[in-house]
Amino acid sequence: MQAVQKFLKALWTVEATICVAAFCATALALMADVLAREFFGNGIFGAQRFAVWGNAISGLLGFALVTAERGHLRPQFADKLLPKALEPHADRIGEVLSAVICLGMAWYAVKFVQSSAALGERGMAIPILVWPIQLVLVWMFLSSALRHLAFARWPELRPVPRSEVPS
């Protein structure tokens, strides 16, 4: 369990670092574009598209980071749908179900990225292949599924959900 805990912490650090870097790159690209428009009359070619991609990367990685912190909204009404005998296992059942959903979405994300790569899709403003950027979709779902499975196996690894943290 300690090895998994260390791995999850390292994974969070990598994802948070990439997320912050992508968001900073987004902000810098937009600021540079605005400054170029103000001082030189023209923006920077492709800066806005780059900012969209950077924002998408940071937002998608945010999904995995929120999963790590158990910050997602949880349909608490569903708690009453479980038979009384399963109530002690509700959290584990929820984690396994969430992992299955994330794995299913990861499978579709892989198909999406494969399709994009096969078609050779390129960005409109900056004509680069987009499938490497789309790999973030696969990453976020696999990373989240891994976390859900770890939380199901070792409930003590789960942080207190953000919505239930006293203020």
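1. A word on helices before we start: helices (H or I, at least four residues) and strands (E, at least two) are DSSP runs, numbered from the N terminus.

2. Some ground rules. This is a predicted model, in which local features need pLDDT of at least 70 and side-chain atom pairs count only at pLDDT 80 or more, while totals for chains, interfaces and linings use all residues. Residues are numbered from 1 along each chain as its sequence is written, and side-chain values use heavy atoms, with hydrogens and water left out.

3. Is N42 buried or exposed? Buried means under 20% relative accessible area, exposed over 50%, and partly exposed in between (1.4 Å probe, protein chains only). N42 has 54% relative accessibility, so it counts as exposed. Leaving aside residues up to four places away in sequence, N42 touches A36 and R37 (contact means heavy atoms within 4.5 Å). From the C-alpha atom of N42 to that of K111, 69 residues apart along the chain, the separation is 39 Å.

4. On to charges. The structure holds 5 salt bridges, each being a side-chain nitrogen of Lys or Arg within 4 Å of a carboxyl oxygen of Asp or Glu. One of them joins R37 to D33, with the closest N and O atoms 3.2 Å apart. R37 and D33 are 4 residues apart in helix α1, so about one helical turn separates them. R37 is partly exposed at 42% relative accessible area, whereas D33 is buried at 2%.

5. E95 deserves a look. R70 forms a salt bridge with E95, the closest N and O atoms being 3.8 Å apart. This pair links distant parts of the chain: R70 is in the loop between α2 and α3 (90-119), E95 is in helix α3, and they are 25 residues apart. Both R70 and E95 are buried.

6. R158 also forms a salt bridge with E95, again with the closest N and O atoms 3.8 Å apart. Because R158 lies in the segment after α4 (131-153) and E95 in helix α3, the pair ties together parts that are 63 residues apart in sequence. R158 is buried, with 17% relative accessible area, and E95 is buried at 6%. Through shared partners, salt bridges join R70, D91, E95 and R158 into one network.

7. Lastly, the cysteines. How many disulfides does a search of the whole structure find? The search finds 0, a disulfide being a pair of cysteine sulfur atoms within 2.5 Å. For C19, the nearest cysteine sulfur is that of C24, 9.5 Å away.
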